[in-house]
Amino acid sequence: MELHLTYDGAVAAAAGGAVLGAATMLKLAVNGNILGISGIVNGVCSNLVSKASSPWFWRVVFASGFIAGGAVLREVAPGTLQALPESMSWPRVLGAGVLVGFGTSMGNGCTSGHGISGLTRVSVRSLVATTTFMATAAATASLTATSDYFGAPAGAPVVTASDAIAASLVLLGVLAVFGALASAVVGPATASAAAQSPDHPARLATEFTVAATFALALGLSGMGRPQQVIAFLDLHKGVWDPTLAFVMGAALGLTVPLFHLRIKSMIPVLNTKLELPSRTDIDLNLVAGAALFGVGWGLCGVCPGPALINVFAPGPAIWESRNGAF
């Protein structure tokens, strides 16, 4: 197996991963709930259909923050976003989308909810889900030769190491300042009111800030480029790009100690307790859902978070002409 790894790519992936981890922990420390993109987006869709009376506007604000992050990436670093190639057929793209959406709903999570938030808590349920969707994604991408749709990787780095470090320091600074201000400014009355509703303005500000920062970090890390994701998943050519392992490694390297040494035992700034998933069972829905998500991910290299920011990807839009071959 030949490794394809660049210094700039590895540094950018690690820098972006660190910001992903910091954003995940800030959401827990301030609002008290986990960062799971597929669950949040699925909640928006289900509430629109069922018109539930429970608070759900915070989910819309979170999604809006993600979209805002994608718009910023389009302006300042368009190379961090990538449209799916025109040669990738409609059946393949639509099939991948359905599998990713249905699979994440059925399996209760994706790369953020299970892969970062779940593994941070050392959840066996998330470990099973993550192992399953990583294995099925790699098998699908390799067996269907997904990398062939993207051609040879570009020679020049999308983000240089120095730019990646600088950008990550800025984003980490934004999260640190927001967290410090929230702790210093929020009084008992505001904290008590915010604890009663996820739609409280103070909690909405956290959701938007965390989502926008997370979206920017996804672009920085390389997750906004399906070609780079597939280079990690597709092994059929005997070439492997381990760059994206640096994303998860850096994220967990930050979240695991922070969560277990500090956040796990704290009371959130705007909540009365940490709202952590309570399920520990390993059931058919979890495994089947993770497997379906993995197949969809392997078919095109896009999971829920990157899908939101890639609305702004330069180049041919997803709805433009595609051939009919799967």
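Predicted model: local features only at pLDDT ≥ 70, side-chain atom pairs only at ≥ 80, totals over all residues.
**A145 and its loop**

I started at A145, which lies in the loop between α6 (124-143) and α7 (161-185). Helices here are DSSP runs of H or I with at least four residues, numbered from the N terminus. Residues are numbered from 1 along each chain as its sequence is written, and side-chain values use heavy atoms, with hydrogens and water left out.

I looked up the backbone of A145 and got a positive phi of about 50°, although A145 is not a glycine. Is A145 buried or exposed? A145 is buried, because its relative accessible area is 17%; buried means under 20%, exposed over 50%, and partly exposed in between, with a 1.4 Å probe and protein chains only.

**S168 on α7**

Next I went to S168, found in helix α7. S168 has 7% relative accessibility, so I put it down as buried. Which residues does S168 touch, not counting those up to four places away in sequence? I found A15, V19 and L220; contact means heavy atoms within 4.5 Å.

**α4, one side and the other**

I checked the length of α4 first. Its 18 residues should span 26 Å at 1.5 Å a residue, and the end C-alpha atoms are 25 Å apart, which agrees. The expected span is 1.5 Å times one less than the number of residues.

Then I listed the buried residues of α4: R92, V93, A96, V100, G103, T104 and G107. They cover an arc of only 115° around the axis, so they sit on the same side of α4. The arc is taken from the directions from the helix axis to the C-beta atoms.

Just after α4 comes N108, with a positive phi of about 60°. N108 is not a glycine either, and its place is in the loop between α4 (90-107) and α5 (113-120). N108 counts as partly exposed because its relative accessibility is 48%.

**G298 on α12**

I moved to G298 in helix α12 (residues 284-300). At 0% relative accessibility, G298 counts as buried. Leaving aside neighbours within four places in sequence, G298 is in contact with R92, A137, T140, A141, T146, I230 and L233. I also looked at C110: it is 188 residues from G298 along the chain, and their C-alpha atoms are separated by 13 Å.

Last stop: α9. Its 21 residues should span 30 Å at 1.5 Å a residue, and the end C-alpha atoms are 30 Å apart, which agrees. I saw that 18 of the 21 residues of α9 are buried, so α9 is largely enclosed by the rest of the structure. After α9 comes G222, whose phi is positive, near 105°.

How do α3 and α9 cross, and at what angle? The axes of α3 (residues 57-76) and α9 (residues 201-221) come within 7 Å and cross at roughly 35°. Axes are lines fitted to C-alpha atoms, for helices over the stretch in contact, and angles run from 0 to 180 degrees between N-to-C directions. Among the contact residues I noted F57 and W58 of α3, and L204 and E207 of α9.

Notes: Helix = DSSP H or I, 4+ residues; strand = E, 2+ residues; numbered from the N terminus.
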